[in-house]
Amino acid sequence: MANVVEEQSYQRKSALTAGISLIIMTLAAFFSYGLVLGRLVVQGDPSATFNNLMSSNTLVHAGILGWLIVLICDIVVAWSFYIFLKPFNKNLSLLAAWLRLAYASILGIAILNLIFVLIPTNSMDYFSLIKMNQLQAYVELLLEAFNMIWSMGLIIFGGHLMIVGYLAFKSDIIPKVVSILLLMASISYIIIHLCYTFLPHYDGITTMLESILSVPMSLGELGFGIWLLFKGGKVPKSVGQLPKLLCFAS
């Protein structure tokens, strides 16, 4: 019984780690993507985008720092999810962890494009022989590469969420509404980013579909993170209740 209590305590620590990391990741992503890129990047206007980046260099650096925080949190969440979900199904939880690490690797490659954006926007000395419109197009290309590579990674991320949602649904301790939101989010990520990657000519339809599915995409993992933070892996008051709360895979 002491081993059971120790295992439950270890699960609680992993749940706290995952919950805190997910909240930090959400805030960092909101800042870096929503406030920085959303404010500085003007779709279809490379000149305005370039000028915004030049005039807001500190904000660009802060945005990249936010992306690096997201990347680190993704790695931490991959480990924490594996520890927390391992009692439900060790093999599937390991697969989910590897998929998240694969996604984090692709995100890291995407972030490199944002770092490359800093070179021409920090100093023009290296590009004195290049025409301004060419330089602006180069920066626009790097930003587009970031979006495309990240979008491809989010397909794998959707697969990760699908496994997590399945394990959550099969468990007896995670609320069904949380697991259903995770599964809805996984399907939404896969469909939307498959469309963005392989059907670029239908961007209008994909954008409309994304606006419809944005709620489950936002609430899926964040809702799971909040549940993990406050409820996940808590040691019950009565030791006799432990066997009911541990849902090992048959």
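This short talk walks through the pockets, the cavities and one surface patch of the structure above.

Please keep in mind throughout that this is a predicted model, and that what I describe was computed from its atoms.

Let me begin with the open space. The largest pocket holds about 1,400 Å³, and of the 40 residues that line this pocket, Tyr 33, Trp 150, Leu 154, His 193 and Glu 210 are the closest to its centre. Two or more lining residues come from each of helix 1, helix 3, helix 4, helix 5, which runs over 132-170, helix 6 over 176-198, and helix 7 over 203-230. Among these, helix 5 provides the largest share of the lining, with 10 residues. If we sort the lining of the largest pocket by class, we find 22 nonpolar, 12 polar and 6 charged residues.

The largest cavity contains about 100 Å³ of space, and its lining is made of 13 residues, with Val 36, Leu 37, Val 60, Ile 64 and Leu 114 lying nearest the centre. Helix 1, covering 2-40, helix 3, covering 57-85, and helix 4, covering 90-122, each contribute at least two residues to that lining. What is the make-up of the lining of the largest cavity by class? It has 11 nonpolar and 2 polar residues, and no charged residues.

The second largest cavity, with a volume of about 40 Å³, is lined by Val 41, Gln 43, Glu 140, Leu 143, Glu 144 and Asn 147. In this lining the classes are split into 2 nonpolar, 2 polar and 2 charged residues.

Leu 194, Phe 198, Leu 199, Tyr 202, Ile 205, Met 208 and Ile 212 together make a nonpolar patch of about 750 Å². Both helix 6 and helix 7 supply at least two residues of the patch, and helix 7 gives the most, with 3 residues.

Definitions and conventions:
Residues are numbered from 1 along each chain as its sequence is written. This is a predicted model: local features need pLDDT of at least 70, side-chain atom pairs count only at pLDDT 80 or more; totals for chains, interfaces and linings use all residues. Side-chain values use heavy atoms; hydrogens and water are left out. On a 1 Å grid over the protein atoms alone, a cavity is a set of points where a 1.4 Å probe fits but cannot get out, and a pocket is an open set with protein on both sides within 12 Å along at least five of seven lines; lining residues have an atom within 4 Å of a point. Grid points are joined across faces, edges and corners, and a volume is the space filled by probe spheres set on the points. Helices (H or I, at least four residues) and strands (E, at least two) are DSSP runs, numbered from the N terminus. Ala, Val, Leu, Ile, Met, Phe, Trp, Tyr, Cys and Pro count as nonpolar, Asp, Glu, Lys and Arg as charged, and the others, Gly among them, as polar. Patches are made of residues with over 30% relative accessible area and no salt bridge: like charges are joined within 9 Å, nonpolar side chains (Val, Leu, Ile, Met, Phe, Trp, Tyr) within 5 Å. Accessible areas come from the Shrake-Rupley method with a 1.4 Å probe; for residues, only the protein chains shown count as cover. A salt bridge is a side-chain nitrogen of Lys or Arg within 4 Å of a carboxyl oxygen of Asp or Glu.
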